[in-house]
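User: I would like to go through the labels attached to this model and see what each one rests on. Please set the values against the cut-offs.

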Amino acid sequence: MTLKIVVLSDLHLLPEGELSLGLDTSERLRAGVAAINARHGDADFCIIAGDLADLGQPDAYVRLRDILAELTVPVHITIGNHDDRANYLAVFGADKAAETGFIDKVIDAKGYRVILLDSAISFGRHDGRLEPEQLDWLADRLTEADDRPVIVVLHHHANPLRTAVDGIILENGLDFADVLNTHSDIRQVIAGHVHYTSTAIWQGIPFTTLAGNHYNVTIPLGQPWQQPERLTGPAQMAVILADEAHTLVHFDNYIDDSRIIPREA
Ligand SMILES: [Fe+2]
C-alpha cells in the first residue's frame, strides 16, 4: 500500500493578462495540472505549498480555483508570503481555516499523517513564522499520530540553506524542530519558497525544498551571499511515494527545455 502525493508550490498567479517577470504563471500551472493528470493521476492527492498568488489579489484566487477544476486528483492547499489570507478565504471558503485561524490542515491516508502548516506572517512580509497556537496545535496533532509516520508541508524553509534566501527563512525554525522532535517518525518536512531544490538533515529531521511553478534560480553559495540569477525553468513538482518502510521524494519537471535523446543514439 503506497501513498502517492504530488506537491506543487509557488504558483504566483496574477489576474488575466498579467505576467510575473515575463512569465505567464497561469499557463505554467495549466501545464502542471496537465502533467499531473497525465503522469500522476494515480496520486492520492495533491498539495499546494503556498504562494498561490503573486500579489494576493482576489482575481488570482478565482483563477486558481478555475485552473484547479481541471485537476483529476483531490487537492489540499496552504498559503505563503505572497498570499493574502483573507482574500484566499473569501474565494475558497472560511472553512479552509483551521481552529488556529490559519490555513493549517491534517490529512490521514494509508497509515500516514500529513500536516499542512500556514507559515505566512502577513501580506508584504516575506519571512515566515509559526505562531504559538500553531505550534501547540501541531504538538497535539503529532501526539494523536501516535507511531504513524508523518509528513509536514509548509511554505517557508525552516532549515538554513546558507544562501541569500536565509534572509526570508521561517524565523522560529528551532521552535518548530523542537515540536517535530516530540514525534519519533517525521519522514519529511517539505517547503517551497526558495525556488530551488535542496535536501538536508537538520535537527535530526529530513527537510526538502522544491523549485515550484514560477522562476527557478542559480545557487550562489559563498560569502557574502549574492542574489541568484533567475531562470525560466525548470518548473517542478515533488512526487512523494511512501509506505511503512520507505519515504521517497522524486522531482518531476513539467516545464523544461531539455530535449529527449532518441533511443537509437
Ligand atoms: Fe515565498
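User: Which residues does Gly-173 touch, not counting residues up to four places away in sequence?

Analyst: In this predicted model, Gly-173 touches Ala-158 and Trp-202 once residues up to four places away in sequence are left out. Gly-173 is placed in helix H5, residues 173-180.

User: What makes Gly-173 buried?

Analyst: Its relative accessible area is 5%. Buried means under 20%, so Gly-173 is called buried. As for Val-75, it is 98 residues from Gly-173 in sequence, and the two C-alpha atoms are 26 Å apart in space.

User: Why is H4 called roughly parallel to H5?

Analyst: Helix H4 (residues 132-145) packs on H5 at an angle of about 20°, the axes being 9 Å apart. Angles under 35 degrees count as roughly parallel, and therefore H4 is roughly parallel to H5. The crossing of the pair is right-handed.

User: Which residues make the contact of H4 and H5, and how do they divide by class?

Analyst: H4 contributes Leu-135, Leu-138, Ala-139 and Leu-142, while H5 contributes Asp-175, Phe-176, Val-179 and Leu-180. By class, there are 7 nonpolar residues, no polar and 1 charged. Asp counts as charged, so Asp-175 of H5 is the charged residue in this contact.

User: Where does Ser-184 lie, and why does Ser-184 count as exposed?

Analyst: Ser-184 lies in the loop between H5 and strand S7 (186-191). Its relative accessibility is 72%. Exposed means over 50%, so Ser-184 counts as exposed. Ser-184 and Arg-148 are 36 residues apart in sequence, with a C-alpha to C-alpha distance of 9.1 Å.

User: How do you know whether H1 and H2 are roughly parallel or oblique to each other?

Analyst: The axes of helix H1 (residues 25-39) and helix H2 (residues 58-68) come within 10 Å and cross at roughly 25°. The limit for roughly parallel is under 35 degrees, and H1 and H2 are therefore roughly parallel to each other. Their crossing is right-handed. Ser-26, Leu-29, Arg-30 and Val-33 make the contact on the H1 side, and Arg-63, Leu-64, Ile-67 and Leu-68 on the H2 side. These residues divide into 5 nonpolar, 1 polar and 2 charged.

User: What is the phi of Lys-110, and what makes Lys-110 partly exposed?

Analyst: Lys-110 has a positive phi of about 50° although it is not a glycine. Most residues other than glycine have a negative phi. The place of Lys-110 is in the loop between strand S4 (105-109) and strand S5 (112-117). The relative accessible area of Lys-110 is 33%. Buried means under 20% and exposed over 50%, so Lys-110 is partly exposed.

User: How is Arg-162 classed, buried or exposed?

Analyst: Arg-162 has a relative accessible area of 66%. The cut-off for exposed is over 50%, and Arg-162 is therefore exposed. Arg-162 lies in the loop between strand S6 (150-154) and H5, and has a positive phi of about 60° without being a glycine.

Methods. Residues numbered from 1 in each chain as written. Predicted model: local features only at pLDDT ≥ 70, side-chain atom pairs only at ≥ 80, totals over all residues. Heavy atoms only, no water. Axes fitted to C-alpha atoms, helices over the stretch in contact; angles between N-to-C directions. Helix = DSSP H or I, 4+ residues; strand = E, 2+ residues; numbered from the N terminus. Parallel < 35°, antiparallel > 145°, perpendicular 65-115°, else oblique. Left-handed = near helix turned anticlockwise from the far one by under 90°. Contact = heavy atoms within 4.5 Å. Buried < 20%, exposed > 50% of the residue type's maximum accessible area, 1.4 Å probe, protein only.
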